[in-house]
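Me: I have a model open on my screen and would like to learn how to read it. Could you take me through a few features, one at a time?

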Amino acid sequence: DTELFYPIDAPLPLKSIVLGAGWGENGSSISSWAQLFASYGFIAATLDYNDAENDSHYQRGEAMLDLIETIKQENYRITSPVYNKVDTLKFAAGGYSISGGSAINAGLLDSMQVLDAIISFNPTVIFEDCDVCAEIDSEYCICLVPELLEQQVVPALIISGENEALELPSYEGMLGIDIYNNHPQFTNKLLYEIQNGGHGSE
């Protein structure tokens, strides 16, 4: 399921952003951000995953790209509230925590090059790769794989809390500052670190 927010009287066409919630949450938990984006002239869509607890970062990234395609199609559906209002060339993906990392995955999966920006609130990035991650996590084969992030070229804003690693020691090396540092230098990237902030400081 998804919920779509859009401005009534903003200049057309409208750029869009899709937003995913944290682990175990549905789209309504991030709807305040969607409403904020809509108030600034964006179409903003929240996303309910098939399995909010067990879907991987990869699956969530795919879902974000699928939702972008749906918004594109809404531009051509005559009965849609955003009929003929969508800028079909300008899209962003974002989210909180696991979805912040999933937006990064969406950038890696974006073979059609539909994404123009990523906004990650307190992201975690986990790659499931038993060839690369087994030495770090032999049970689940999860880790941050710097070589994969080196392929991420979509401009990214990463918002993180200064104390996240203290709050989430099991995610050390897979949080916002790590994601930022492992993005290639040629990717436009910005880190906004909240002083004394924790994982919920978005």
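Predicted model: local features only at pLDDT ≥ 70, side-chain atom pairs only at ≥ 80, totals over all residues.

Me: Which residues of α1 are the buried ones?

Reply: Helix α1 spans residues 31-39, and its buried residues are Ser31, Ala34, Phe37 and Ala38. Looking down the helix axis, you will find them within an arc of 115 degrees, so they line one face of α1.

Me: And what does the face turned away from the buried side carry?

Reply: That face of α1 carries Ser32 and Ser39, which are exposed. While you are there, step just past the end of α1: glycine 41 takes a positive phi of about 100 degrees.

Me: Now pockets, please. How do I read the largest pocket, and what is its volume?

Reply: Start with the volume, then go to the lining. The largest pocket has a volume of about 310 Å³. Its lining is made of 15 residues, and those nearest the centre are Trp23, His57, Ile98, Ile126 and Tyr171. By class, this lining divides into 6 nonpolar, 6 polar and 3 charged residues.

Me: What about the second largest pocket: which elements supply at least two residues of its lining?

Reply: Those elements are α2 (57-74), α3 (98-109) and β6 (127-128). The most comes from α3, with 3 residues. The second largest pocket holds about 210 Å³ of space, and its lining includes His57, Asn105, Leu108, Phe127 and Glu128. The classes here are 6 nonpolar, 4 polar and 2 charged.

Me: Last topic, salt bridges. How many does the structure hold?

Reply: There is 1 salt bridge in the structure. It joins the side chains of glutamate 74 and arginine 77, at 2.6 Å from N to O.

Me: Are these two partners buried or exposed?

Reply: For this, read the relative accessible area of each partner. Glutamate 74 has 17%, and buried means under 20%, so glutamate 74 is buried. Arginine 77, at 36% relative accessibility, counts as partly exposed.

Technical notes. Residues numbered from 1 in each chain as written. Heavy atoms only, no water. Buried < 20%, exposed > 50% of the residue type's maximum accessible area, 1.4 Å probe, protein only. Helix = DSSP H or I, 4+ residues; strand = E, 2+ residues; numbered from the N terminus. Arc of directions from axis to C-beta. 1 Å grid on protein atoms, 1.4 Å probe; cavity = no way out; pocket = protein on both sides within 12 Å on 5 of 7 lines; lining within 4 Å. Points joined across faces, edges and corners; volume = space filled by probe spheres on them. Nonpolar A, V, L, I, M, F, W, Y, C, P; charged D, E, K, R; others polar. Salt bridge = Lys/Arg side-chain N within 4 Å of Asp/Glu carboxyl O.
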